[in-house]
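Student: Could you show me how to read the sheets of a protein model, beginning with a pair of strands and then moving on to a whole sheet?

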Amino acid sequence: MTSQKKTPKALHTNSLLAHGGGGYDKATGAVVPPIPMATTFVRDEAYELVSEGHLYSRDHNDVFRKVEGLIATLEDGAESRLFASGMAAIAAIVRTVKPGGTILLQAGIYWGTTVFFRKTCERSNIALVEVDATDLQVLADQIATTKPDLIFIEVPSNPFLKVVDIAKVSEISKSFGSVVCVDATAVTPLIMKPLQLGADLVMHSATKALNGHSDVLGGVITCTDPTSPAWEFIRAERHGAGAVMGSFEAWLLLRGLRTLGLRVERMNANSQAFAEHFDGHPKMEAVLYPGLESAEGHELAKAQMSGGYGSLMSLILKGSKDDALKVAGALNLFQRATSLGGVESLIEHRETIEGPESGIPVTLLRLSIGIEHLDDLIGDMEQALEII
Ligand SMILES: *Cc1c(COP(=O)(O)O)cnc(C)c1O
């Protein structure tokens, strides 16, 4: 009997993820890849590499390649590169701009990113223009007058959950030759694919939902055109500046990715229901979540995202800073910790962490909603709100 192998149909994302990108360890048949701990690889008597693609593990690392291939597929991108953290990835992106150049940065995004851009641009003689990228007219005018080398936006933004029109920004920037990069950490590629919308680069702090278990630091950048000067620089920078992820971390990230589909589904559902429950609550000034019909960027979010709106939201309470801190202190299930995208729900009083110069409202509590039972999450917040 002859068996003919059919060409496999493209798998659904969840199937691809469950199998960690597919394949098994060819040497042993193991369904999970080994953790490659070797830093260097031998050459034979003729000075040829014993195994093609294995030279020195700063770049030549099977587990990196597997994770990068999987993430590039998730993003509908051409190539990905892993970095030691989200900030290491952002640093490589900033360095694509030469001294004398210009960067346009979305205002009111993750404070760590804002501070890093400000300090680096000041020291490197790069003009930094910070704008409210949700106002397309202002943005278009700024792009036309400053002709930036790089436009860096965060969608949705952290902690204000603002939604920028990625397709429009990409379209406007084309005639000025600006590289558009989207930090899509808050929603993962399962919800939003910026490269499909016209962006040149997408980055994630893999520390967050991609890994999902609050136990790995990582970053990843994916491109749409691997021959673009920006990508060639980033690839060379990862090799040369060496901000690589460790093999064990890359292996853990791959393990986390196996359940990304399930986690995102539950976190989306929990977040939507949680936001709807507390929207209009008597002790709430506002609930910032793009999934709420009343949210400023809801229609845009609906057009750009699919399957849900992510697990990040902010509550702005009525009352004082002290009230907000009291509520945070009265929670039992939500843990008081920074970061987001993990299976456990977290809460953070952002202004305490970032300081008054960040402009973050003193009664803003940022939540990262996990995979717990929804009733427990709502119940925990309800009982905490009772004390103010
Ligand atoms: C956490 C975060 C970063 C930084 O990533 P690290 O992995 O902590 O270095 C960048 N952007 C956003 C939106 C983040 O939430």
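This is a predicted model: local features need pLDDT of at least 70, side-chain atom pairs count only at pLDDT 80 or more; totals for chains, interfaces and linings use all residues.

Student: In what order do the strands of the open sheet of 7 strands lie?

Tutor: Reading across, the order is E1-E7-E6-E5-E4-E2-E3, and the pairing is mixed. At the edges you find strand E1 (79-83) and strand E3 (127-131), each of which pairs on one side only, while from one strand to the next the twist averages 20 degrees.

Student: Which strands does helix H2 touch where it packs on the sheet?

Tutor: Helix H2 (residues 62-75) touches E1, strand E6 (201-205) and strand E7 (219-223), and the direction of the helix makes about 125 degrees with that of E1.

Student: Which strands stand at the edges of the open sheet of 5 strands?

Tutor: That sheet has the order E8-E9-E12-E11-E10, again with mixed pairing. Strand E8 (284-288) and strand E10 (335-336) stand at its edges, and each has a single partner strand, so one side of each is left without a neighbour in the sheet.

Student: In what sense do strand E11 and strand E12 pair?

Tutor: Strand E11 (residues 346-349) and strand E12 (residues 364-368) pair in the antiparallel sense over 4 bridges, and glutamate 348 has arginine 366 in E12 as its bridge partner.

Note on methods: Residues are numbered from 1 along each chain as its sequence is written. Side-chain values use heavy atoms; hydrogens and water are left out. Two strands pair if DSSP finds at least two bridges between them. Helices (H or I, at least four residues) and strands (E, at least two) are DSSP runs, numbered from the N terminus. Axes are lines fitted to C-alpha atoms, for helices over the stretch in contact, and angles run from 0 to 180 degrees between N-to-C directions. Contact means heavy atoms within 4.5 Å.
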